[in-house]
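These are my notebook entries on a structure that I had not looked at before. I wanted to know what sits inside, and how the chains meet.

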Amino acid sequence: MHPQGVAAFPHYFVGVNSLAELATKEDRVCVLNITGGESRTVTPVSHIYSGGNIVCGTSPGRSGSMVKTSAGDIPVFDNMAEAVNAGLKFNVVVVYLPPSGVRDGVIEAVRVNPNLKKIVILTEKVPVRDARIIRAVGQMHGIDILGPNCLGVADAHNHVRIGGALGGSAPEESLIPGSVAIYSNSGNFTTTIAVYLATAGWGTTVSLSSGKDVYIQYAAPEWTHAFHNDDRSKAAVMYIEPGGYYERELKFEKPVIACVVGRWKAKLTKACGHAGAIAGSGDNALAKEEWFMEKFGVDALFTPDNPVCSGKGAVVTNISHIPLAMTAVMAKHGAKPDFAPVGDLSLKCWFSNTQGLDLPAHLTPPVVQALAPYDDQIAALGEQVGVVFPRQTMKDASGASMMDSKTQVTRIHGVSVLDSSTHTFEENLVQSLIREYPDANGSALANIALNAFVNQAGKVGLAAADAARGAGNSPNTSLAAAVAMIGPKDVAKSRDVATALVALFKKSGLADPGQAFDFSAQLAAADPAMFVTPMNARKCCELSASRCDAMIEAVGARSAKSVFIDFVQALAAKQGGRVNCAVLLAAITTHLAWKPLMRKRISAMTVTNLPWHFRIFSTLIGSAASSAQQVTDRFCGVENAELMRGWSFTETAHLALLGNRPDAEALYAFSVLLGLIISNGPGTISAQGAKGAVSADGPESPERVQVNKGYIGFLTHTGYAHGGNGFEAIAFLLDRFRSSGLKDPGSAGHGLDLAAMATGYAKEYKGYKSKAKAEGNISYDKIPCVNHPVFKDKDVNYDPREVFVNELFKKRGAYNVFHEFYHQLVLALHKTGVSKNVYCVNVDAVIAVILLKMLWQPYADGKISDETMEAAAFTTFLFGRMIGSAAEIDDHTNRGRNMDTRTAASACSYVS
Amino acid sequence: MNITGLRHGAKLLDLVGFPRSEVLGPEASDQEIKSLIDRCGSVFIKPIFKGGVGKKGKSGLLGRASDLAAAMKEKERLYFAEHFHNNTMAKAEGVTFEGAVPAEFEIYFSLTDSTEFRAPTITITHHGGMDIEELPPTMIARIPFDPLTGLKGFVISNALKSINAPAELISPLVQHLPKLWDLFHQYGMTTLELNPIRMKSDGKGRLTPVACDFKCSFDGDDPNVDRLGLPDDLDTSSYSNFEQEVNSLRTYQGQSDVFVINETGTITAMTFGGGANALVTELLGDAATISSDFGGNPPYAKMHDISRIVYKYWLNQSNVLFIIGGKANNTDIFETFRAMADALRDHFNAYGAQPLYVVVGRGGPNLIRGMSYMKDTLDALGLPYQMFGFDSAMSEVVNYAQAADDWMKNGGREIVAKRMGIQA
């Protein structure tokens with residue numbers, strides 16, 4: 001019950017009599033789901049390549065829109081009926097519908113368009129059930145169907161491609177007109193075979209990707225007939241995979257190279273009954289090889305070493321052997337290749353890095369120039385400095401931080417905060433932006449740069465912070481006022497210099513700016529106005545000259561080395577001018593960033609912004625101390641020059657917060673504390689604030705992102721509940737120890753019976769809890785810093801982060817009475833029946849006990865109040881969290897899209 | 001996914017009202033078994049294999065008992081029976097007890113899609129109960145039919161007449177066999193085989209076909225299979241944990257076909273395209289851990305998921321990570337390479353760095369951007385690598401990957417580890 005088509009097929013319908021009819025200049029195409037993900041990129045290329053053969057497409061709900069192409073726009077309709085009613089004529093339908101819609105799409109196409117002759121189905125994973133029906137519908141209506149799960153058809157002579165992406169985004173590269181027809185079960189290999197054939201000088205006529213489902217709707221028998229009738233096709237390549245009997249009865253009238261692959265698949269086949277076995281002698285690769293060998297009259301496979309072939313053809317199992325086999329078989333007919341060979345199939349290494357390993361010669365093929373246009377693209381890579389991150393929606397996503405939900409440990413650029421806590425504050429600040437830790441020389445330079453700008457005396461930002469504090473604001477609010485004053489104009493010079501240094505040195509071969517380097521070429525090429533301030537110029541501020549001198553002096557004092565500092569000094573000497581401190585700052589930050597920049601670990605934009613981040617770091621720490629503690633040349637009583645010369649920035653932060661230089665133990669404890677609170681991942685509120693601020697500025701124009709506003713976002717997204725709550729644990733401990741007579745919390749000989757104190761409190765708490773429950777109060781006060789929603793199910797529970805830090809201190813022989821009390825407390829809570837198992841002491845307790853130990857003495861001496869204690873706890877959190885926020889701000893600037901943190905209205909809810 | 005045997009097959013046959021022998025599962029009580037023997041005279045005891053295995057009877061994995069004691073003995077023998085077929089071993093997980101059906105005739109019947117006819121096709125013979133493929137073609141009828149009209153009685157009738165089937169078989173089979181089309185077509189099957197169907201007599205000359213075994217294969221791409229509500233673990237033995245985890249990603253764009261080739265392999269190949277998959281798997285042989293096809297332009301998220309799973313299962317033991325495909329038509333090289341590179345970085349972050357040699361051969365849209373991203377990542381991870389253009393013969397690139405694997409096996413792994421500052 002099918003119309004009569006080509007007479008050679010009396011039992012079923014075939015409409016195409018010659019391959020020349022498969023993809024013609026006259027074919028007019030309608031693409032179903034034209035705006036779908038795959039079609040959106042493929043269809044315009046096909047349209048342009050084919051000279052504008054697509055008359056329309058469908059996409060429900062998008063009627064009236066256009067798919068724009070350089071060969072003319074393609075109108076989009078809701079459905080085919082609408083297109084037909086609009087008077088559009090097409091004889092081919094290309095189906096890009098999802099699997100569930102393919103069958104109905106075909107039926108609809110047949111129903112509404114009486115002129116339909118061909119359907120090409122690209123969709124993969126079409127159910128066999130639907131393929132059965134599609135076959136029957138096509139047969140009933142006399143329509144040739146190609147696919148499904150194919151890449152369509154292309155005719156290199158006609159310059160027409162219908163359906164999928166044969167030849168990819170540049171079809172001319174692969175589809176070179178010639179005399180060979182291709183039939184391939186593999187879409188990818190359809191193009192790859194064409195490319196391989198060209199290396200032996202063979203071009204193509206029609207390339208067909210047949211698909212490889214159970215139902216190959218346009219299969220080898222009808223293709224072979226059409227091949228015979230196409231005068232342009234002198235020979236063919238058939239790429240055949242195991243499964244199906246489509247090729248068994250073929251009879252060829254022209255030479256064919258059959259590439260049969262997949263012998264190994266026989267091992268994987270799972271038998272299901274006898275049905276397959278009855279159908280024939282098996283349809284695995286070995287059987288298919290034999291079918292073709294019998295047709296060609298050969299007794300072996302063709303290989304370069306054993307080139308067995310006849311005038312009828314050859315069987316290969318490696319597509320690399322196809323060109324050679326084609327030439328050998330065609331030579332038996334006296335036929336020569338279509339054109340001079342295009343390239344060859346030898347190994348061509350385009351990129352290589354042996355990491356300096358001593359590899360054997362056969363593993364180190366030379367890196368060769370790629371063929372056009374790839375050679376130009378690779379050359380352009382050399383021009384690009386630093387990584388270019390692809391932009392994507394970064395809402396709740398981060399390329400900087402990641403919290404492991406199982407361990408609750410956050411990583412910043414792959415380093416866990418536990419490991420971060422063993423690094424200094426300044427090292428973590430640098431790592432947050434350049435994604436790796438600086439070496440000792442880099443740390444020295446970072447300390448100089450950060451300390452150089454920490455003194456805020458006379459700055460409007462400090463005045464604003466003081467005013468904010470005076471108005472009763474929390475520390476984060478007050479510091480935000482100061483950070484607001486470090487705007488783009490304040491850092492314009494440093495950013496320009498950093499950008500200019502990258503431009504000057506990017507192709508210089510400079511690998512390590514800590515090593516000596518001949519920069520004479522850069523000296524000659526540099527624009528002096530960018531780097532050098534004339535001696536007689538007005539100072540940018542009173543501090544500048546002395547600060548600049550102090551910075552240079554500090555570089556010498558710390559025996560630090562930097563090519564960039566040497567360079568700007570040499571340039572200044574050459575010009576008879578001096579170096580501005582803004583220039584020195586940029587030289588130092590560019591030094592720090594250089595190696596990861598060259599390794600494409602960070603972007604050029606990060607390097608440009610580094611001085612800005614550094615200025616903010618200095619400002620935030622500096623503004624934590626009030627104006628009463630700062631004069632022009634001294635910060636908290638220490639000379640600026642001395643800070644630059646000999647203080648680490650960790651020590652300076654301690655100074656700003658607590659008014660003194662810490663001893664080794666206190667410094668270590670302070671560093672651990674800051675490292676532990678760097679981040680809790682992109683979902684934490686402080687990170688959300690920072691990311692939101694960047695997102696709102698539009699990171700797709702990264703030069704417009706206000707870095708300082710990112711920090712304000714972080715600061716405004718902390719508060720008494722987030723950051724300030726660390727004080728709860730301190731207050732809890734103060735209540736326990738206030739009257740204890742404790743002198744030195746770092747001494748194990750404190751004389752206190754901690755177990756008794758803990759048990760006493762546990763009993764007291766048990767009574768309180770029982771009473772509260774009896775009164776129906778379920779929101780009774782919880783003991784801070786014990787128990788954890790993740791680490792809670794064992795008889796004795798541990799927070800691995802707390803364990804890690806506890807071990808760190810134990811190894812150093814450090815003692816903390818508050819920490820020890822917490823351990824006694826969880827035991828006591830269990831013994832007294834408050835808890836069913838032994839709670840863990842969680843990581844927040846660690847933060848509280850370290851801080852309280854640092855503040856105990858001045859508190860016990862009555863030098864600081866509860867309020868000061870609370871502010872110190874909160875500010876400490878801000879110092880540490882600034883590190884993680886810096887990473888998020890820079891990462892979002894590099895990767896994010898404009899306004900990508902917003903929530904779709906559909907995901908929002910109204911609450912009445 | 002396959003189903004073998006009446007344990008689950010019975011429920012499917014009941015859906016369309018096709019008669020079948022009585023069946024009890026491994027949980028059946030002594031009383032139930034005894035009662036079945038009393039009703040049917042004897043019972044067959046068959047081991048339950050998840051998925052499907054063929055030729056159990058030929059392997060002696062079929063018991064028959066006429067009393068409870070013999071039935072229990074056979075149960076003990078077959079409960080954990082092992083069966084080898086096509087180099088794969090299956091282990092039984094229980095037995096079924098199936099009531100014997102006395103009959104004069106045994107019918108073989110199957111429904112499948114024929115690639116010769118490109119139509120659904122029945123295969124039928126009344127010479128059932130033996131290895132059907134050993135019968136001469138003249139004794140078997142293979143008849144295609146139109147799926148738009150379905151399997152009709154006249155197709156059955158014509159088929160049986162063409163092989164001279166006894167007249168008394170025709171009417172009952174014409175009456176019952178068309179029911180199977182519904183089961184086959186509406187629930188996403190690709191093969192349905194009943195062998196044997198025993199023609200049970202009612203004593204008055206009237207015969208009824210009773211299915212005494214059941215086999216079917218389902219189409220993994222057909223959502224109609226889900227309507228059967230089959231247990232999730234029905235065919236788990238057919239797939240490794242790795243394969244199951246990757247298969248769970250089949251739901252969205254892009255191929256994600258994987259097979260475990262060698263659990264102790266040392267080259268893990270991320271292969272793109274069915275052609276590349278066939279070629280690479282063939283050439284790598286047992287050096288490969290897996291055979292994969294990740295072509296079809298998978299989006300970033302899917303490719304990242306796939307890479308994460310592949311790395312998790314196979315990277316630790318691998319010397320070579322091999323990324324290989326032809327010149328892609330529509331797979332975005334930048335997106336896929338970015339996903340694989342990011343997943344590799346994440347893997348190193350989560351599981352620690354390891355010595356690895358990376359070999360890449362690929363072509364397609366955004367090729368240089370993709371290779372550049374991979375290059376940057378590998379540079380940052382400190383791994384040695386070579387990337388080859390698509391104009392290099394793919395088989396030569398495979399040879400290179402094998403050479404790199406050989407070098408790693410012979411001391412190279414330690415050298416790379418030392419350079420990376422880690423343990424081999």
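This is a predicted model: local features need pLDDT of at least 70, side-chain atom pairs count only at pLDDT 80 or more; totals for chains, interfaces and linings use all residues.

Residues are numbered from 1 along each chain as its sequence is written, and chains are lettered from A and ligands numbered from 1 in the order in which they are written.

**Entry 1, the cores.** I looked up the largest nonpolar core and found 182 residues, with A:Val94, A:Val95, A:Ile257, A:Cys259, A:Ile322 and A:Met326 having the most contacts inside it. Beyond its neighbours within four places in sequence, A:Val94 is in contact (C-beta atoms, placed from the backbone, within 7 Å) with residues including A:Val29, A:Leu122 and A:Ile162. A second, separate core holds 163 residues, among them A:Ile412 and A:Leu584. Over chain A as a whole, I noted that 54% of the 912 residues are buried.

**Entry 2, a sheet in chain A.** I counted 35 helices and 23 strands in chain A; helices (H or I, at least four residues) and strands (E, at least two) are DSSP runs, numbered from the N terminus. Three of the strands form an open antiparallel sheet in the order 16-17-18. Strand 16 (401-403) and strand 18 (415-416) stand at its edges with a single partner strand each, so one side of each has no neighbour in the sheet. A:Ile412, which I had met in the second core, stands opposite A:Val415 in strand 18.

The contact takes 90 residues from chain B and 86 residues from chain A. On the chain B side, helix 12 (residues 394-420) gives the largest share, eleven residues. I also found strand 15 (residues 349-353) of chain A paired with strand 19 (residues 385-388) of chain B in the antiparallel sense over four bridges, pairing being called when DSSP finds at least two bridges. There A:Cys349 stands opposite B:Phe388.

Is helix 9 of chain B enclosed or open? Eleven of its 15 residues are buried, so helix 9 is largely enclosed by the rest of the structure.

Notes:
A residue is buried if 20 or more other C-beta atoms lie within 10 Å of its own, exposed if 12 or fewer, and partly exposed in between; C-beta atoms are placed from the backbone. Two residues are in contact if their C-beta atoms, placed from the backbone, lie within 7 Å. A nonpolar core is a set of buried Ala, Val, Leu, Ile, Met, Phe, Trp, Tyr and Cys residues joined through C-beta atoms within 7 Å.
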